[in-house]
Amino acid sequence: MRLQGKTALVTGAASGFGEGIARAYAAQGARVAVADLNLDGARRVAGEIGGIALGGDVSKAADVRAMVEGTVSGLGGLDIVVNNAGWTYSRQPSLDVEEEAFDKVFSVNVKSLYLMARAAHGAMKARGGGSFLIVSSTAGLRPRPNLTWYNATKGAANVITQGLAQEWAAENIRVNAICPVIGGTGLTSAFMGMEDTPENRAGFLATIPLGRFSTPADIANACVWLAEDASSFITGVLLPVDGGRCA
Ligand SMILES: NC(=O)c1ccc[n+]([C@@H]2O[C@H](COP(=O)([O-])OP(=O)(O)OC[C@H]3O[C@@H](n4cnc5c(N)ncnc54)[C@H](O)[C@@H]3O)[C@@H](O)[C@H]2O)c1
C-alpha cells in the first residue's frame, strides 16, 4: 500500500479523472475526502471507497476553506491535495466565447488554485510537508486552436505549479502538475467541440503517437506516484501523461 497512513483531498472527484484518482488513492491505503459541486456524485464515490464526501464550489473561498476543514476534522489531517476540478466551454472560435464563460473558466480553473493554496498550506505544513497536485493539461504545453481561453487557464496552472514549488520547498510541500492529453470524461465532447464518437475522435487520435485517449487510470497512476514518498525529490514538474502528444 503506497499511500498507507496518508490523507487526501481530491476535488472534482465525483466524475472522470478525479473519481479515478480518489479510487486509486483509496486502493493504495489513503483516507480520501471526495469533494465536488455534485454532492450526490461525491457521496456515491465516497460510499464506494470508504471515504468522506464534501460538497462545494472550488471557485468560492468559503467552500474551499470548508473542504480543507472538513478533511482535517474528518480524516485527521491533510497530506495530499489534488486540485482536479475543472471546466471548459465548448470548443469554438476564441472571439465567440462570451465574457461569462471566460470568467467562469478562469474562476474554476485558476482562482480555485489561489483559494486552495491559501486554505491548505497551513494544514499541510502542520503535517511536516505533503504533496499539492494540480491537474493541468497538455493544453497548457501544446495548445490546440479554438480553446484559447481554456488553454490559458492551464498555462496559468503550470506557472503556478512552478512558483509554488519553489516557495513551499522549504516546508517540504511538493507541488507538481499532471498534464493529461484528451481523455474520455464528462468534458470530452466540450473539448472536441462535437459529439464524442469514434469518427470524431479520429482527428485527435492522429495527434497522439501512442494512438489512444488518456484514461482516468492513466492520470490516477501518475497522481499516486507524485503523492507517495517514492517521488520525494520531485517538485515543480509539469508531467505530460499524453501518449507522446507533447514530444
Ligand atoms: N478530459 C480531458 O480530456 C482532460 C484533458 C486534460 C485535462 N483535463 C482536466 O482534468 C480535470 C478533470 O476533468 P474531467 O475531464 O475529469 O471532467 P469531468 O467533468 O468528468 O469531471 C470534473 C468534475 O469537477 C466537478 N466540478 C466542476 N466545476 C466544479 C466546481 N466549481 N467546484 C467543484 N467541483 C466542480 C464536476 O462536477 C465533475 O465531477 C479538469 O481540470 C480538466 O481541465 C481533462
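Student: Where is Ala24?
Tutor: Ala24 sits in helix α1. Keep in mind that this is a predicted model.

Student: Is Ala24 buried or exposed?
Tutor: Ala24 counts as buried, because it has 24 C-beta neighbours inside 10 Å. The cut-off for buried is 20 or more.

Student: And what does Ala24 touch?
Tutor: Not counting residues up to four places away in sequence, Ala24 touches Ala220, Asn221, Cys223 and Val224.

Student: How far is Ala24 from Lys154?
Tutor: Their C-alpha atoms are separated by 24 Å, and the two residues are 130 residues apart along the chain.

Student: What about Ile21, what is it in contact with?
Tutor: Leaving aside neighbours within four places in sequence, the contacts of Ile21 are Val10, Ala13, Val82, Asn84, Ile219, Ala220 and Cys223.

Student: Which residues touch the most other members of the largest nonpolar core?
Tutor: Ile21 is one of them, together with Ala8, Val10, Tyr25, Val34 and Cys223. That core has 59 residues.
Student: What does the second core include?
Tutor: The second core is separate and has nine residues, among them Trp87, Tyr150, Leu187 and Phe191.

Student: New topic, the ligand. Which residues come nearest?
Tutor: Gly12, Gly16, Gly86, Thr185 and Gly186 come nearest, out of 29 residues around the ligand.

Student: How many of the shell residues are nonpolar, polar or charged?
Tutor: Twelve are nonpolar, 15 are polar and two are charged.

Student: OK, helix α2. Which of its residues are buried?
Tutor: Helix α2 covers residues 39-49, and its buried residues are Gly41, Ala42, Val45 and Ala46.
Student: Why are they on the same side?
Tutor: They cover an arc of only 130 degrees around the axis, so they end up on the same side of α2. On the other side of α2, Asp40 and Gly47 are exposed.

Student: What do the buried ones pack against?
Tutor: The buried residues of α2 pack against α1, β2 (31-36) and β3 (52-55).

Student: Why does Gly41 count as buried?
Tutor: Gly41 has 20 C-beta neighbours inside 10 Å, and 20 or more is the cut-off. Beyond its neighbours within four places in sequence, Gly41 is in contact with Ala14, Ser15 and Asp36.

Student: How far apart in space are Gly41 and Gly55?
Tutor: They are 9.5 Å apart, C-alpha to C-alpha, and 14 residues apart in sequence.

Student: What comes just after α2?
Tutor: Gly50 does, and Gly50 takes a positive phi of about 75 degrees.

Student: Last one, strand β6. How many of its residues are buried?
Tutor: Eight of the eight residues, 173-180, are buried, so β6 is largely enclosed by the rest of the structure.

Student: Which way do they point?
Tutor: In a regular strand, side chains alternate between the two faces of the sheet. In β6, Ile173, Val175, Ala177 and Cys179 point one way, while Arg174, Asn176, Ile178 and Pro180 point the other way. All of these are buried.

Student: What is the sense of pairing between β5 and β6?
Tutor: Strand β5, residues 130-135, pairs with β6 in the parallel sense over six bridges. For Leu133, the bridge partner in β6 is Asn176.

Definitions and conventions. Residues are numbered from 1 along each chain as its sequence is written. This is a predicted model: local features need pLDDT of at least 70, side-chain atom pairs count only at pLDDT 80 or more; totals for chains, interfaces and linings use all residues. A nonpolar core is a set of buried Ala, Val, Leu, Ile, Met, Phe, Trp, Tyr and Cys residues joined through C-beta atoms within 7 Å. A residue is buried if 20 or more other C-beta atoms lie within 10 Å of its own, exposed if 12 or fewer, and partly exposed in between; C-beta atoms are placed from the backbone. Two residues are in contact if their C-beta atoms, placed from the backbone, lie within 7 Å. A residue is near a molecule or strand if its C-beta atom, placed from the backbone, lies within 6 Å of it. Ala, Val, Leu, Ile, Met, Phe, Trp, Tyr, Cys and Pro count as nonpolar, Asp, Glu, Lys and Arg as charged, and the others, Gly among them, as polar. Helices (H or I, at least four residues) and strands (E, at least two) are DSSP runs, numbered from the N terminus. The arc is that of the directions from the helix axis to the C-beta atoms. Two strands pair if DSSP finds at least two bridges between them.
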